[in-house]
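Please examine the structure before reading the solutions.

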Amino acid sequence: MRTVLVTGPGGAGRTTVAAATALASARGGRRTLLVSVDAVPALPAGPDPAAVAERLFCARVDSAAHFRGELLELQDRASGVLDLLGANRLDAEELTELPGSSQLAVLHTLRRVAEGDWAEHGYEVLVVDLPPLTEALALLALPGQLRRYLRRLLPRERQAARALRPVLAQLAGVPMPAQWLYEAAARKDAELAAVEALIEDDATTVRLVAEPGPAADEALRSARTGLALHGLRVDSVVASRVLPRHSADPWFADLAARQEKSLDSWHQQWAPGTSVREIAHLGREPRTVEDLALLAGSCDGALAPEGSATGHAGSTWWTEDAGDGVIAWCLPLPGAVKEDLRLVRRGDELLLTAGPFHRIVRLESALRRCSVSGAALTDGVLRVRFTPDPGLWPRTQ
């Protein structure tokens, strides 16, 4: 399944472009599902896929319903403990969605598409309207972070000691975690793994939507670094609401000139490997399927499920021989500034920070037996030098 994740700076018409992209895919003969976090004008707003046009289906993420369902399920599973404490049960009607629950609802929806009850519909293309850029980057990194937390808090190897828990509880003087907790953690880990696999799949790319201008220039420069840090590939940058380049009105002519300057910069920054597409300003807010059809022609391309996703050049890390037995771990970070980079080795993990973006990478087996001997940012590529530790490598006779 081909997946296109659509995001961009707020207020740039992100949802409209996502809908137009899905419509273009369906008109190209592909069975397409559009998943949106916001309401799309003229399209259904239900939590389950509904037909919009031929081969096009739409579903909206219902974060409030997901929050209520998850909390009520947890309440039922922990009923024994709650009854022991004399706690009063919460009813669905009194549950109010908490901040941050929308991110988990999006992940739940993606899981349903990847392996849940929606997988049987055989969608060829999935278009996801994500939140604005900063929130979207945090959301896409969330499955890996949550899985890491689960592994740290509830290590799987401890489940093997299930038969010894009564003895361990007596020795430690504290109750051991109940089996249902491990089972719930394993279930959530499997669900998060499915979403993580969808995001990291070779057929998944990001489509950035921005209205040309100084604010968008800065946001896209930062996004290049954040996306590369997490290994996310960009298939295109869509310039929305582009004004006619020639106008007799001096005010419109000045705005068009500013947009053209930004567009020239985008073509230079993102080429090669990432196309820059332009969508003309309709002169009004898109409100109907016909309006979306006017924009669809500029949103097609790089959507065929049988084709490999073409992303930004060098979007994944690699290792290379740096000489004298030193291994260089290389990660492209276009747009990164040396002063904004931080690198920490902790055990088997590498903690990377590039400006406001963070990532924790588990090192390969060979690198775990090395010590970090230096790092450098050259031509947009971070190279971390690993020197083998003689005490951890097998000796040769």
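**Exercise 1.** Determine how the residues of the lining of the second largest pocket divide into nonpolar, polar and charged.

*Solution.* The lining of the second largest pocket holds 16 nonpolar, three polar and seven charged residues. Here Ala, Val, Leu, Ile, Met, Phe, Trp, Tyr, Cys and Pro count as nonpolar, Asp, Glu, Lys and Arg as charged, and the others, Gly among them, as polar. The model is predicted: local features need pLDDT of at least 70, side-chain atom pairs count only at pLDDT 80 or more, and totals for chains, interfaces and linings use all residues. Residues are numbered from 1 along each chain as its sequence is written, and side-chain values use heavy atoms, with hydrogens and water left out.

**Exercise 2.** State which helix gives the largest share of the lining of the second largest pocket.

*Solution.* Begin with the elements that each supply at least two residues: α2 (63-77), α4 (101-114), α5 and α7. Of the lining, α7 provides the largest share, nine residues. Helices are DSSP runs (H or I, at least four residues), numbered from the N terminus.

**Exercise 3.** Identify the residues nearest the centre of the second largest pocket.

*Solution.* Among 26 lining residues, those nearest the centre are His66, Glu70, Leu104, Lys188 and Glu191.

Conventions. 1 Å grid on protein atoms, 1.4 Å probe; cavity = no way out; pocket = protein on both sides within 12 Å on 5 of 7 lines; lining within 4 Å.
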